[in-house]
Amino acid sequence: MGDHKEQPLRVGAAVRRRRRSLDLTLAVVAERSGLSVPFLSQIENDRARPSTSSLEKLADALRTTAVELLAAADPACSVDVVRAEDTETSAPEPRSRSLVRGHHQMHATEFTGDHEAGREFQYRNDQLMYVADGAVEIEAEGRAYRLGRGDTLYLTGGVRHRWRATVADTRVVVVAVAEHIEAVRNRKR
């Protein structure tokens with residue numbers, strides 16, 4: 001229960017990602033595949049499941065294969081549990097583990113121990129850093145921040161930053177909007 005392998009695949013997001021990566025409109029894909037724009041929209045929004053024949057036509061229009069589209073599909077899973085024992089390794093500190101499986105709108109990673117303190121990060125979208133245990137120093141926009149257990153730091157997408165653990169066995173959880181998501185900024189009212 002809660003295992004992705006038990007869930008049917010949702011191919012819509014994979015189709016949308018592939019179409020957008022090729023900079024194609026729904027109308028162009030419809031013309032190439034012989035499928036209607038409304039049907040393609042329903043597929044992309046997972047309101048319709050394409051037949052094998054339709055999936056093959058769609059794959060041809062997107063210059064890929066049905067197998068590749070299915071491999072990139074998201075599991076139809078709204079709840080998933082990632083257990084600590086499923087991701088634990090015997091690797092020495094430092095280490096990181098993903099707290100979210102699959103291709104989703106948000107990603108979460110737990111970092112334990114220190115890492116390359118000189119490494120600079122810059123993410124396309126917003127992220128939140130939460131110190132679960134220990135303490136860290138974070139440098140962002142020319143300022144240094146010291147965070148202890150239970151503290152959080154929010155970074156807007158595009159902000160360059162670096163961080164380092166200042167206490168042994170520090171655990172930091174980073175939750176971020178996935179890189180494939182186009183964040184909407186400064187919406188006109």
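This is a predicted model: local features need pLDDT of at least 70, side-chain atom pairs count only at pLDDT 80 or more; totals for chains, interfaces and linings use all residues.
H161 belongs to strand β9, which covers residues 161-165, and because its relative accessibility is 2%, under the 20% cut-off, it counts as buried. The side chain of H161 also reaches the backbone oxygen of V159, at 3.1 Å.

Strand β9 also holds R164, which is joined to E137 of strand β6 (residues 135-140), a partner 27 residues apart from it in the chain. The two residues form a salt bridge in which the closest N and O atoms are 3.0 Å apart. E137 is partly exposed, with a relative accessible area of 22%, and R164, at 34%, counts as partly exposed as well.

This salt bridge belongs to a structure that holds 9 of them. Another one joins the side chains of R16 and E44, with 3.7 Å from N to O, and it links distant parts of the chain, since R16 lies in helix α1 and E44 in helix α3 (residues 37-44). E44 is buried, at 6% relative accessible area, and R16 is listed among the buried residues of helix α1, along with others including A13 and R19.

A further salt bridge pairs D133 with R149, the closest N and O atoms being 3.4 Å apart. D133 sits in strand β5, whereas R149 is in the loop between β7 and β8. Here D133 is partly exposed at 25%, while R149 is exposed at 64%. Both residues take part in a network of salt bridges that also includes E110 and R171.

Technical notes: Residues are numbered from 1 along each chain as its sequence is written. Side-chain values use heavy atoms; hydrogens and water are left out. Buried means under 20% relative accessible area, exposed over 50%, partly exposed in between (1.4 Å probe, protein chains only). Helices (H or I, at least four residues) and strands (E, at least two) are DSSP runs, numbered from the N terminus. A polar contact is a pair of N or O atoms within 3.5 Å; within protein, one must be able to donate a hydrogen and the other to accept it, and residues adjacent in sequence count only if both atoms are side-chain atoms. A salt bridge is a side-chain nitrogen of Lys or Arg within 4 Å of a carboxyl oxygen of Asp or Glu.
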